[in-house]
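Subject: Structure for you to look at

Hello,

Here is the structure I promised you. Please open it next to this email and follow along.

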Amino acid sequence: MRLLAFILVTIVLSPLLVIGTAIYMFRVLAVLMPKGIDGTAYEPYTARLFMHDLGTRPDPVASRLAPHLTVTAAPVWSMFSAPFRWATRLTGYVPTLFTFPPARPLKVMSVMALRTEFFDRTLNDARTHVQQVVVLGAGWDTRAYDEHWSDLKFFEVDGPPTQQEKRAALADAGVDASHVTFVPVDFNETSWLNAITGAGFDPTLPTYVLWEGVSMYLDEAVVHDTLQAIAGFAPGSVIAFDYLPKELFTSKGLYGLVGKYIKFGIRIFYRTQFKLLFPGASNSRGEIESILARDRLELGEHELLIYEEKYPIYGFVLAAVR
Ligand SMILES: C[S@@+](CC[C@H](N)C(=O)[O-])C[C@H]1O[C@@H](n2cnc3c(N)ncnc32)[C@H](O)[C@@H]1O
């Protein structure tokens, strides 16, 4: 009943969503792309914004940034979120996509909440023994500015145009970033390790590396270079990352077709490519263990979201320096 009421309210307000989406798409294609700013960063960011707006996971800094980022600036975010905000307010129903923490047993629609929970939890667990955090491909991640973690020293690494956009938005929103060192690097061109070391990173201190939503965009060699670089960090250091299973694009049938459709969409809309390395079968833990062992890392946690016990959707890894 509540779901039905939620759908009705959303339908009534859907013109806002349609116009908001059209402006959103226009801004990605006509404004971001020519400047070389990464558009994919808006996908997880808007998911976290929705969680904030629907009251399931507070992220006040993400909310403060929205008016100052090219794509979510007025009127986009309010048009985009109003139908869901009102529908939730009036009916009390929260869609699975934005339910946080994700409801168990897990559903495919919980993927963004599961992803957010994995990185929140592993960062929280690490805070007792790490002294610094490196966020590789930081996008619009706001964990560095969250009061839970802001006592740690952060290094945010991202492509130069994307990072420039974030720094300007943080300044415009009046967010304190004094504990954050920004390191602009294109992973395909420059060693991020040399760059952060030059910016004051100390590899002899235990470190948490947050690598969320990035591994699937990088060449295999860059992924291995990254893992090998972290293997040289101080004992106690960990890396948390997520991946899209390669079966998603190699399988036959509807599952493989969905994968190819997503890959095509990403290429056309964001002008970037998925390059998948990690396997997703339910027995893939051993394979991931040996990939990491080659790069001298030890697999700790491995979690997989699998649809109907058959179709791997998304994977999560926590690995430690040996
Ligand atoms: C999907 S976004 C994820 C952002 C953020 N980690 C999050 O989960 O909200 C991917 C991020 O990786 C960065 N990225 C992708 N390829 C990169 C490269 N070659 N060099 C530097 N950054 C890159 C993008 O700029 C973007 O910020």
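The shell around the ligand divides into nine nonpolar, seven polar and six charged residues. Here Ala, Val, Leu, Ile, Met, Phe, Trp, Tyr, Cys and Pro count as nonpolar, Asp, Glu, Lys and Arg as charged, and the others, Gly among them, as polar. This is a predicted model: local features need pLDDT of at least 70, side-chain atom pairs count only at pLDDT 80 or more, and totals for chains, interfaces and linings use all residues. Residues are numbered from 1 along each chain as its sequence is written.

In total, 22 residues surround the ligand. The closest are Asp 38, Gly 137, Gly 139, Phe 187 and Gly 213. Helix α2 gives the most to this shell, with three residues. Helices (H or I, at least four residues) and strands (E, at least two) are DSSP runs, numbered from the N terminus.

Now the domains. Domain 1 covers 2-95 and domain 2 covers 108-321. These bounds come from an automatic or database domain assignment. Both domains give residues to the shell around the ligand, so the ligand lies between them. Their centres, taken over C-alpha atoms, are 23 Å apart. The contact takes 22 residues from domain 1 and 21 residues from domain 2. Two residues are in contact if their C-beta atoms, placed from the backbone, lie within 7 Å. On the side of domain 1 that touches domain 2, α1 (2-35), α2 (42-53) and α3 (60-65) each supply at least two residues. That side holds 11 nonpolar, five polar and six charged residues.

Next, look at strand β5 (residues 238-243). Six of its six residues are buried, with 20 or more other C-beta atoms within 10 Å of their own, C-beta atoms being placed from the backbone. Val 238, Ala 240 and Asp 242 point one way, and Ile 239, Phe 241 and Tyr 243 the other. In a regular strand the side chains alternate between the two faces of the sheet.

Which strands pair with β5? Strand β4 (residues 207-211) runs parallel to β5, joined by four bridges. Val 209 has Ile 239 as its bridge partner. Strand β7 (residues 311-321) pairs with β5 in the antiparallel sense over six bridges. There, Leu 318 is the partner of Ala 240. Two strands pair if DSSP finds at least two bridges between them.

Best wishes

Conventions: A residue is buried if 20 or more other C-beta atoms lie within 10 Å of its own, exposed if 12 or fewer, and partly exposed in between; C-beta atoms are placed from the backbone. A residue is near a molecule or strand if its C-beta atom, placed from the backbone, lies within 6 Å of it.
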